[in-house]
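Biologist: Please put the model up, and then I will ask about it piece by piece.

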Amino acid sequence: MSLLHDRVLFIDGEAIILDKPAGLPVGAPRDGSVALENHLSSLTFGFQRWPLPVHRLDRDTSGCLLLARNPKAHKRFAAAFEAGTVAKRYVAVVDGVPVEDSGTIDLALKKISTQAQGWRMIPAKAGKAALTEWRKIAEKDGRALIVFTPRTGRTHQIRTHALHGLGFGIAGDPVYGSGQGPMLLHSRFLSVPRGEKARAEATAPMPETFAAAGFGPELLEQAGL
């Protein structure tokens with residue numbers, strides 16, 4: 001049995017929402033290490049078809065990941081992501097404390113690549129529009145727990161917006177932050193519309209890495225998240 005069996009948060013005839021562990025890539029990495037695709041054959045739950053991921057989470061990001069159980073569902077779910085009708089909520093610890101309690105980050109992003117640093121996303125007027133709402137939940141030892149609600153779905157959007165919009169990288173981020181310790185970014189909530197059918201949605205429990213950093217799950221519960 002796959003280790004991911006116990007991480008299924010939602011399942012019905014057309015959708016599975018997994019609590020993806022940090023460190024597991026969605027796409028096959030160049031280094032040949034184990035990826036989500038190595039687990040798909042064990043996530044059929046009686047179906048012949050393997051489920052397929054509809055979107056991606058970065059390798060070091062944990063939490064809600066949607067899989068479609070048939071091609072028609074995959075097409076509809078992908079269209080919902082493209083249309084911006086999927087509700088997403090992330091939580092992260094950032095290496096600093098914003099002065100404001102909440103706000104909106106509106107920074108277009110584009111991809112750059114250098115031989116020295118590899119590729120990354122940067123703010124650029126010529127980039128693709130990217131919008132993220134955020135709210136500070138708690139602060140401790142010079143760091144803050146932030147809830148991010150992205151309204152667009154750009155690559156590395158939250159990680160880039162944390163650094164360039166709030167002025168602080170996400171704790172442990174190897175590209176936009178210090179790279180020390182685990183990256184504290186978690187896909188907490190996902191809700192996908194399905195017409196007249198009930199939405200496919202789930203809330204992923206907080207990883208122990210957040211509690212170890214002083215930001216336990218009770219902080220989100222107190223905030224109604």
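Biologist: Which helix gives the most to the lining of the largest pocket?

Modeller: This is a predicted model, in which local features need pLDDT of at least 70, side-chain atom pairs count only at pLDDT 80 or more, and totals for chains, interfaces and linings use all residues. Residues are numbered from 1 along each chain as its sequence is written, and side-chain values use heavy atoms, with hydrogens and water left out. Helices (H or I, at least four residues) and strands (E, at least two) are DSSP runs numbered from the N terminus. With 5 residues, the largest contribution to the lining of the largest pocket is that of H1.

Biologist: How much space lies in the largest pocket?

Modeller: On a 1 Å grid over the protein atoms alone, a pocket is an open set of points where a 1.4 Å probe fits, with protein on both sides within 12 Å along at least five of seven lines, and lining residues have an atom within 4 Å of a point. Grid points are joined across faces, edges and corners, and the volume is the space filled by probe spheres set on the points. For the largest pocket this comes to about 1500 Å³.

Biologist: Which residues lie closest to the centre of the largest pocket?

Modeller: The lining has 43 residues. Closest to the centre are Arg56, Asp58, Arg154, Thr155 and His156.

Biologist: Is His156 buried or exposed?

Modeller: His156 is found in the loop between E10 and H2, and has a positive phi of about 55° although it is not a glycine. Buried means under 20% relative accessible area, exposed over 50%, and partly exposed in between (1.4 Å probe, protein chains only). Because its relative accessible area is 11%, His156 is buried.

Biologist: And Asp141, buried or exposed?

Modeller: Asp141 sits in the loop between strand E9 (131–140) and E10. Its phi is positive, about 50°, although Asp141 is not a glycine. Since its relative accessibility is 70%, Asp141 counts as exposed.

Biologist: How many residues of H2 are buried?

Modeller: Among the buried residues of H2 are Gln157, Ile158, Ala162 and Leu166. After H2 comes Gly167, with a positive phi near 95°. H2 is mostly covered, and of its 10 residues the number buried is 7.

Biologist: Which residues touch the most other members of the largest nonpolar core?

Modeller: A nonpolar core is a set of buried Ala, Val, Leu, Ile, Met, Phe, Trp, Tyr and Cys residues joined through side-chain atoms within 4.5 Å. The largest has 25 residues, and strand E2 (15–20), strand E4 (62–68), E5, E10 and H2 give two or more residues to it. The members that touch the most others are Leu36, Leu67, Phe148 and Ile170.

Biologist: What is the radius of gyration of the protein?

Modeller: The protein has 4 helices and 12 strands. The radius is taken over C-alpha atoms, and the globule rule is 2.2 Å times the number of residues to the power 0.38. For 225 residues the rule gives 17 Å and the protein is close to that value, so it is as compact as a globular protein of that length, with a radius of gyration of 17 Å.
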